[in-house]
Amino acid sequence: MTRATAESKIKSTQGFTLAELLIVVAIVMVLVAIAIPVFTAQIERSREATDLANVRSAYAEVKAAVLAQNGEPTEILVPLEQQEEDWQTEGTLVVGGIQHKQGEGDTVSWKGVPGANGQCRVYYDPASDVVLEWSGGDATRTYPFNINEDLFGSLNDSGLLGNRLASTSNFEIDSKCPGSTLVGPVESKMPANSLLKNGTWAYLGSGSNAAGRYLYWTSVDTNKVGAGKQIPIIIQTGDGKYYIGQSTTATRNGANGKYVAIADHLSNSDYLKNLNDDKKYPSLEAAYNAYEKLVEKDYQQYKDSLPK
């Protein structure tokens, strides 16, 4: 055997180097990190598909009993398998003759939102035919703020709407404006456990017309993220509707220096563009839960800003 042949055999029996093993492990970890959320989402959608199939069966049974008028029960409780609050399946959901868009809110035939270990009550209402009433969710969940707060309460109690803003067609009160004479009166009426104690808020719009008035809130500190950044927001309208959406931060020149506002200068028509019916929610709790999901899905860089 020649020396070259011996060396070749020795080299062929060598294993992976430590660097090569570390690279393989890193690649596997990246693939797992990508696969787990996708796999989890698919499992939840599968649970939702099962729930919808079971509810469709109950709908058909209730509908048949009503048409037959044979004294059969016209209410069925369907236990749900899904483990997430609200719907993960996108688009329009259909049960029998009832259609519902994600985030649409309550209608005469579709009420509430599903949740972990929840149920769907399928029953007959003479005024609206068969009704689907979804419920559930983690009843033990607590929030680090008052989830039942009317976010307009602080502005309404501040006295600003009755005098300084009464005739203003498009005012702006941004919480980051240093030394603002409008921010102080609002903050003085803000409960200690208010959602607005977190992140950045702004009241915008008409001083005389509640329907043309808006509250923008984000968990993000706009001064820290800077101008020209797209951020997620919750919107409450002055007449009590809730939406989630997005805005772009902008630099402002206040009396006491520059700051970063929650949105650029907006006209009355600009406010309406953010009110997407597909992102409309029946309560602050439903809107906040949807906001959390939006952050986790599309704005992960702001995940640590969520109230704790």
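User: How many cavities of 30 Å³ or more does the structure hold?
Analyst: This is a predicted model, and it holds one cavity of 30 Å³ or more. About 90 Å³ of space lies in the largest cavity, which is lined by 14 residues, with D86, H100, G103, G105 and V113 the closest to its centre.

User: And what is the lining of the largest cavity like by class?
Analyst: The lining of the largest cavity is made up of five nonpolar, five polar and four charged residues.

User: Switching to the largest nonpolar core, which residues touch the most other members?
Analyst: That core has 49 residues, and those touching the most other members are I173, W201, Y203, Y216, W217 and Y288. Several elements give two or more residues to this core, among them β7 (171–174), β8 (200–205) and α7 (284–298), and α7 gives the most, with eight residues.

User: What does I173 touch?
Analyst: Leaving aside residues up to four places away in sequence, I173 touches L155, L160, L165, L182, V183, V186, W201, A202 and Y203.

User: OK, now the open sheet: in what order do the four strands come?
Analyst: The order is β1-β5-β6-β4, and the pairing is mixed. Because β1 (75–79) and β4 (110–111) stand at the edges with a single partner strand each, one side of each is left without a neighbour in the sheet.

User: In which sense do β4 and β6 pair, then?
Analyst: β4 pairs with β6 (residues 129–135) in the parallel sense, over two bridges, and the bridge partner of K111 in β6 is E133.

Key
Residues are numbered from 1 along each chain as its sequence is written. This is a predicted model: local features need pLDDT of at least 70, side-chain atom pairs count only at pLDDT 80 or more; totals for chains, interfaces and linings use all residues. Side-chain values use heavy atoms; hydrogens and water are left out. On a 1 Å grid over the protein atoms alone, a cavity is a set of points where a 1.4 Å probe fits but cannot get out, and a pocket is an open set with protein on both sides within 12 Å along at least five of seven lines; lining residues have an atom within 4 Å of a point. Grid points are joined across faces, edges and corners, and a volume is the space filled by probe spheres set on the points. Ala, Val, Leu, Ile, Met, Phe, Trp, Tyr, Cys and Pro count as nonpolar, Asp, Glu, Lys and Arg as charged, and the others, Gly among them, as polar. A nonpolar core is a set of buried Ala, Val, Leu, Ile, Met, Phe, Trp, Tyr and Cys residues joined through side-chain atoms within 4.5 Å. Buried means under 20% relative accessible area, exposed over 50%, partly exposed in between (1.4 Å probe, protein chains only). Contact means heavy atoms within 4.5 Å. Two strands pair if DSSP finds at least two bridges between them.
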